[in-house]
Every structure is written in structure tokens, then in C-alpha cells.
Amino acid sequence: MRLNLTPDELLTTTRSVRKRLDLRRPVERAVIEECLRMAQQAPTGSNSQHWSFVVVTDPEKRRGLAELYRQGWTAYMRSRDANPGAEAYAQPDRDETQARVRSSSTYLAEHMQDVPVLVIPCVSPRTDGASAVAQAATWGSIVQAAWSFMLAARERGLGTVYTTLHLPHEREAADLLGVPYEQVMQVAMIPVAYTLGTSFQPAKREPLASMVHWERW
């Protein structure tokens, strides 16, 4: 299924989907492969692709990844609850929005094992302890590829969300999936499923002037 979205519609309505993931409908391997072919076309640093995607559909492996994700999610939420003012985006006038995000994040954590496909973008070499320049050069290519995958998924009626909370337990995930931990770094885990309904709206954002600086800060 193709939604035939315009480029502007695609870019403004590709949302982080959690509660509207259809957990009962299978996702065809061919559709995932179409999205991955789109991801291969993403711009890459140094004109090379030192990255890979691990696609997980096996129920047992999904349960294992979901448990690692919940451990990371629980630790993260405890740290937020202990330091509610520490979040850069914590603002009193955004309490309602944050409550909705927390509710949907809780739902995803509880149901991660039920999502039919989990996609893990990976890159090499590892950047542990590397400089900010090396980090930026390494992460720049794979993040663009992951976003291209998510855009391609949206056009095909699939929902996605970019998550990183399994990464505190990356080594355990590597053992589960056979990823060579010393050479390959996982950068995210992207749940993928068809969506309940295909209509999504642009999100409310702050005025452009609040985040754009011309010529200097």
C-alpha cells in the first residue's frame, strides 16, 4: 500500500507512533526490504556505508529486546521523576503535552514485544571515547539512513518511532542478536508496524524565530 503523500506531507506527518501501532497485523518482509532500499540511498559521510540494519521478527528475540528496553525505560523514568526540572524541555506550559508523551511511552514499553518488527541500525567502528568530531562523522550517516527508512515506512502505511533506551544494555542485545559488539555499535531500535488509520497531522511547534539564528547566535 502506498499513501501517495507529497514530499511536504511526508516530511510534516511522519510522527513518532506508539499507541497507534497495529500490533496484530503482520508486516511483510518485502515491504521492510523496500524501505531498507530507500535507506541505502541516504547521504553518507566519506562516500561510504559502514552501517547495517538488523531486522528482528522472531518472537523470542523480540521479547528479549523488549525486556532490555523496559529496563532502560524504567531507569530513565526514575531519573526523570527524581529530577523533574533536569529535562531541557521541561516547561510548565507543556505539562499536558508531556503527559501525553509519557502515556504513549509507557504503552510502548509495555507492548514492545508485541510490535511485529524491530529494526536496529548499526554502524562501525565504535565511537566509545571518541572526539565530538569523530562522533559527528560516524553518527551522521547512519542517522540519515534511519530517518530515510522511517520516511519510506510512513509512505507505505507503517508507523515508526526512534528509540534508544535499550542501549544501556547494548552488549546484552548484541549477544542476543549475534552482533559483534567490539566492532559494531547499535545506535537505536525502531519499532515498525502498520498504523491504526493513516492520517497524521503536523505537530505543534514553537515559532521559527525561537530556534533560528541568522549569521550568529
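Leaving aside neighbours within four places in sequence, His166 is in contact (heavy atoms within 4.5 Å) with Leu68, Tyr69, Ile120, Ala173, Gln186, Ala188 and Met189. The model is predicted: local features need pLDDT of at least 70 and side-chain atom pairs count only at pLDDT 80 or more, while totals for chains, interfaces and linings use all residues. Residues are numbered from 1 along each chain as its sequence is written, and side-chain values use heavy atoms, with hydrogens and water left out.

His166 is placed in the loop between β3 and α6 (170-177). Helices (H or I, at least four residues) and strands (E, at least two) are DSSP runs numbered from the N terminus. The relative accessible area of His166 is 0%, so the residue is buried. In this report, buried means under 20% relative accessible area, exposed over 50%, and partly exposed in between, with a 1.4 Å probe and protein chains only. The side chain of His166 also makes a polar contact of 2.9 Å with the side chain of Gln186. A polar contact is a pair of N or O atoms within 3.5 Å; within protein, one must be able to donate a hydrogen and the other to accept it, and residues adjacent in sequence count only if both atoms are side-chain atoms.

**Overall fold**

The chain contains 6 helices and 5 strands, arranged along the sequence as α-α-β-α-α-β-α-β-α-β-β. Its radius of gyration is 18 Å, close to the 17 Å that the globule rule gives for 217 residues, so the chain is as compact as a globular protein of that length. The radius is taken over C-alpha atoms, and the globule rule is 2.2 Å times the number of residues to the power 0.38. Along its principal axes, the C-alpha trace spans about 45 × 45 × 40 Å. Buried residues make up 39% of the 217 residues. Of the contacts with a separation of 6 or more, 84% are between residues 24 or more positions apart.

**Cavity and pocket**

On a 1 Å grid over the protein atoms alone, a cavity is a set of points where a 1.4 Å probe fits but cannot get out, and a pocket is an open set with protein on both sides within 12 Å along at least five of seven lines; lining residues have an atom within 4 Å of a point. Grid points are joined across faces, edges and corners, and a volume is the space filled by probe spheres set on the points.

The whole structure holds 1 cavity of 30 Å³ or more. Among the lining residues are Arg15, Val17, Met150 and Thr160. Thr160 lies in strand β3 and is buried, with a relative accessible area of 1%. Beyond four places in sequence, Thr160 touches residues including Arg15, Val17 and Met150, as well as Ile190 and Val192.

The largest pocket has a volume of about 1400 Å³. Of its 33 lining residues, the closest to the centre are Ser16, Arg18, Thr97, Val101 and Ser104. The elements that give two or more residues to this lining are α3 (59-82) and α4 (95-111); α4 gives the most, with 9 residues.

**Exposed residues and backbone geometry**

A cis peptide bond, with omega of about -5°, joins Ser124 and Pro125. Pro125 lies in the loop between β2 (117-123) and α5, and touches Thr138, Gln183 and Met185, residues up to four places away in sequence not being counted. Pro125 and Glu182 are 57 residues apart in sequence, with their C-alpha atoms 8.4 Å apart. Gln41 is found in the loop between α2 (29-40) and β1 (51-56); Gln41 and Phe149 are 108 residues apart in sequence and 9.7 Å apart, C-alpha to C-alpha.

Positive phi values occur in Asn4, about 55°, and in Glu215, near 70°, neither being a glycine. Asn4 is in the segment before α1 (7-13), and Glu215 in the segment after β5 (190-194).

| Exposed residue | Relative accessible area |
|---|---|
| Pro125 | 55% |
| Asn4 | 64% |
| Gln41 | 65% |
| Glu215 | 79% |
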